[in-house]
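Welcome, and please open the model in your viewer. Let's walk through it one selection at a time.

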Amino acid sequence: MLYRLVITESQRHHDQIILQPDQEHYLRRVVRLNDGQSFIAINGRGNGWQVELTTTGGTIIAEMNDDRELPIQVSLMVALPKGSGFDDIVRCTTELGVSRLYPIISDRTLLKPKENKLVRWRKIAEEASEQCERFIVPYIAPPLPFLEAIQHIEDNSPRFIAVARNTDKHLLNCLNSADLPSQITIVTGCEGGWTTKELQSAIDHNFQPITLGKRILRAVTAPIAIMALISAIAENK
């Protein structure tokens with residue numbers, strides 16, 4: 001197994017990789033690589049390279065072609081849960097193949113994230129992509145109020161909103177493995193669920209209410225369950 005690191009475009013100069021101090025520390029002190037041994041560098045946008053560790057950083061020795069992405073792009077809009085719950089959502093949904101995450105602030109959201117939270121979430125996404133061997137790091141948007149977020153969706157792909165205690169169709173019955181759309185957007189709520197106004201606004205913006213089953217899932221569980229379901233459908237061909 002080759003260890004993986006996410007690099008920025010500015011770190012790659014032709015066939016040379018400039019390592020950041022924390023990355024070099026990780027490779028040399030944590031995983032105990034020596035000069036001449038290899039690791040994988042990824043740019044988070046679908047490209048990866050096998051790199052040989054050198055005294056000045058790394059030298060690219062081969063391009064990697066290993067597509068581990070879902071055949072459908074999934075955008076999750078998640079009302080922020082209490083505490084550090086969104087950390088777990090970022091980590092687990094990244095492992096399951098999410099494309100984009102939009103943290104949103106609903107009427108019942110209790111968490112008011114500080115600016116450094118976005119930096120932390122993006123770092124968690126990088127680490128999760130390294131761990132699950134993806135070449136793409138999901139995009140994580142800055143937090144937005146719910147109504148503003150749904151108004152900014154420009155594509156015409158299918159849209160769903162998960163609603164507890166309802167009799168709408170299960171998400172499973174809205175997706176067909178033989179005819180998956182190229183992308184979808186799904187919204188999940190925070191503790192306490194959606195207000196009547198929020199749900200109606202979502203419907204007015206072409207979101208279809210769906211259920212995730214008879215049981216009431218926690219705000220952290222719902223987006224993870226959605227990604228597990230979608231990845232199972234998309235990859236069971």
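Start by selecting Gln16 and looking across to β6, where its bridge partner is Thr59. Keep in mind that this is a predicted model. Gln16 sits in β3 (residues 16-17), which runs antiparallel to β6 (residues 57-64) and is joined to β6 by 2 bridges.

Now widen the view to the whole sheet.

Time for some rings. The structure has 3 aromatic pairs. Select Phe86 and Trp121: their ring centres are 4.7 Å apart and their planes meet at 70°, so this pair is edge-to-face. Phe86 belongs to helix α2 (residues 85-96) and Trp121 to helix α3 (residues 115-132), so the pair ties together parts 35 residues apart in sequence. Both Phe86 and Trp121 are buried.

Then move to Phe146 and Trp194, a tilted pair with ring centres 4.8 Å apart and planes at 35°. Phe146 is in helix α4 (residues 146-151), while Trp194 is in the loop between β12 (183-188) and α5 (196-204), 48 residues apart. Phe146 is buried at 2% relative accessible area, and Trp194 also counts as buried, at 12%.

Finally, show the cysteines. How many disulfides are there? The count is 0. For Cys132, the nearest cysteine sulfur is that of Cys92, 11 Å away. Cys190 is buried at 7% relative accessibility, and its sulfur is 19 Å from the closest cysteine sulfur, in Cys92, too far for a bond.

Technical notes: Residues numbered from 1 in each chain as written. Predicted model: local features only at pLDDT ≥ 70, side-chain atom pairs only at ≥ 80, totals over all residues. Heavy atoms only, no water. Pairing = 2+ DSSP bridges. Helix = DSSP H or I, 4+ residues; strand = E, 2+ residues; numbered from the N terminus. Disulfide = S-S within 2.5 Å. Buried < 20%, exposed > 50% of the residue type's maximum accessible area, 1.4 Å probe, protein only. Phe/Tyr/Trp six-rings, centres within 6.5 Å; stacked < 30°, edge-to-face > 60°.
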